[in-house]
Amino acid sequence: MVVIGLLAPTAVSAFTYEPTTLQPGTIERPANGTTVISVQGFKIAGQESGKKPARLVGVGPKGNVEWVYNGSENGIVWFYDVDPLENGSILITGTKPGETVVTIWDPQTQRAEWSRTFDWEDTHDIDLVNGDQLLVANMRNYNESTGKNNDRLLLYDLSKDDVVWEWKFRKNGYNRTGGGKYTDDWTHVNDVDKIGQGRYLASPRNYDQVIAVNRSTKNVTMRLGSDENWDTMYEQHNPQYLESKNGTETLLVADSENDRIVEYAKNNGNWTRTWLLRGNFNWPRDADRLPNGNTLVTDTLNHRVMEVTPNGEVIWEFYAPWGTYEAERMQLGDEPGGPTIRDQNSTGTATLTGSVALTPGTGDRSTFAEWVTNTFAGTPIDSEVAWLADRWAHITPWIRPVWMGSWDFARTVLAGGVVLGWLTVDAIYHRTQIIHRLRTVGTRVRSRI
């Protein structure tokens, strides 16, 4: 009866499930133009789900869907970086198993103008720079024959059809014992941007840091964070380089595993956190400062994109399941930048307000992970429980069925634990009979051989 009671709500969810659709949330002010959203999607064993396709979505100022580009049209399993180009087209980074596909797609004609497939695995970011060169964050690049990991930044010249510059992490002070698994996803360098002449900003996520590399000298000229210094950043994504009016170097970062957005300014060689945006985020992976001073935030596992004021107010919001990765305002181009928090006199900590929280569990009703965290808050084990709850919140959305909510999945896991525990206890209690029956069966089998 206990198991039936736990599973009954899940059965109801299965029968009443309706796929979450593209829809606007808070629209206090119309956006300044079209917002293009990259939806990473999810696919297992060749089967697509209505909730988890990889797609790009063009969203109008008032939250109206202007166009949708499905990755399945080009065999894309994952969508990552999107860069609006000057001619109105979009440079798209997508991946297939073991390959990366770079596409220039025209929203007006709904057709690809150009596409090229490379044997780079799971590349998250490729930018078009210097006219005809691709700036690439190349990760998952372990060579089994040499036993070396070649995670790198590179420039691929389309005219010459060749790599004309590269910068390997293992040759520039990165130890194989740091970061992730050396023979697999070691650095997870998920972003690279040109921030000046011969100067590239990169995000080796698994080292919890953002760096700037000089193309000519190959020296690291700027570094924020360090491996496992999680107070600064914890496996961040898509940092944006800004400069204040007086030239102070500033970084705006989606601090993903810490579920927050942070901004740091560098003074006299030291970094100071000048802004922290917190709230009910679940793995944010992009934050871009807009020219109006607001920040465009992509909140991945809440499947939404928001424009947020410096004081944390959501003034524009759109929901796009499953797994939003990046968003850009089309008419502004690729990460145009805007005023720093210091230049807006808005330093400090801001808390998210104004979201309509269409995603279940982000509103008045807590998710299972939030409930666990709140229940054990203030106890001697609150930090350990909070860490486990955070892992649960980040991992389970990728493995639970799309029609199963957070609480339904928790009840199913608990029911499975009850059944497994009951079978284990029953097996121990009847171990003598079980052993006897197994021996009898074994004797009969041997006698027939």
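**Close-up 1. Surroundings of Asp299 in the predicted model.** Asp299 touches Asn280, Phe281, Asn282, Trp283, Pro284, Arg304, Met306 and Thr324, leaving aside residues up to four places away in sequence. The residue belongs to strand β24, which covers residues 295–299.

**Close-up 2. The salt bridge between Asp299 and Arg304.** The closest N and O atoms of Asp299 and Arg304 are 2.9 Å apart. The two side chains are also joined by a polar contact of 2.9 Å. Arg304 is buried, and Asp299 is buried as well. Elsewhere, salt bridges with shared partners link Asp122, Arg140, Asp184 and Asp185 into one network.

**Close-up 3. Strand β27 and its pairing with β2.** Strand β27 spans residues 324–329. Of its 6 residues, 6 are buried, so the strand is largely enclosed by the rest of the structure. Thr324, one of the residues that Asp299 touches, falls within the range of β27. Strand β2 (residues 35–39) runs antiparallel to β27, and 5 bridges join the two. Within this pairing, Val36 stands opposite Glu328 of β27.

**Close-up 4. The open sheet β15-β16-β17-β18.** This sheet has 4 strands, paired in the antiparallel sense. Its edge strands are β15 (189–196) and β18 (220–225), and each pairs on one side only. From one strand to the next, the twist averages 15°. In a regular strand, side chains alternate between the two faces of the sheet.

**Close-up 5. The β17 and β18 pairing.** Strand β17 holds residues 209–214. Its antiparallel pairing with β18 covers 5 bridges. Ile211 stands opposite Arg223, a residue of β18.

**Close-up 6. A salt bridge between two loops, Glu235 to Arg205.** The closest N and O atoms of this pair are 3.9 Å apart. Glu235 sits in the loop between β18 and β19 (237–243). Arg205 sits in the loop between β16 (199–204) and β17. The pair therefore ties together parts that are 30 residues apart in sequence. Glu235 and Arg205 are both buried.

**Close-up 7. The salt bridge between Arg260 and Asp255.** The side chains of Arg260 and Asp255 meet at 2.6 Å, N to O. Arg260 is buried, and so is Asp255. The structure holds 13 salt bridges, including this one.

Notes:
Residues are numbered from 1 along each chain as its sequence is written. This is a predicted model: local features need pLDDT of at least 70, side-chain atom pairs count only at pLDDT 80 or more; totals for chains, interfaces and linings use all residues. Side-chain values use heavy atoms; hydrogens and water are left out. Two strands pair if DSSP finds at least two bridges between them. Axes are lines fitted to C-alpha atoms, for helices over the stretch in contact, and angles run from 0 to 180 degrees between N-to-C directions. A polar contact is a pair of N or O atoms within 3.5 Å; within protein, one must be able to donate a hydrogen and the other to accept it, and residues adjacent in sequence count only if both atoms are side-chain atoms. Contact means heavy atoms within 4.5 Å. Buried means under 20% relative accessible area, exposed over 50%, partly exposed in between (1.4 Å probe, protein chains only). A salt bridge is a side-chain nitrogen of Lys or Arg within 4 Å of a carboxyl oxygen of Asp or Glu.
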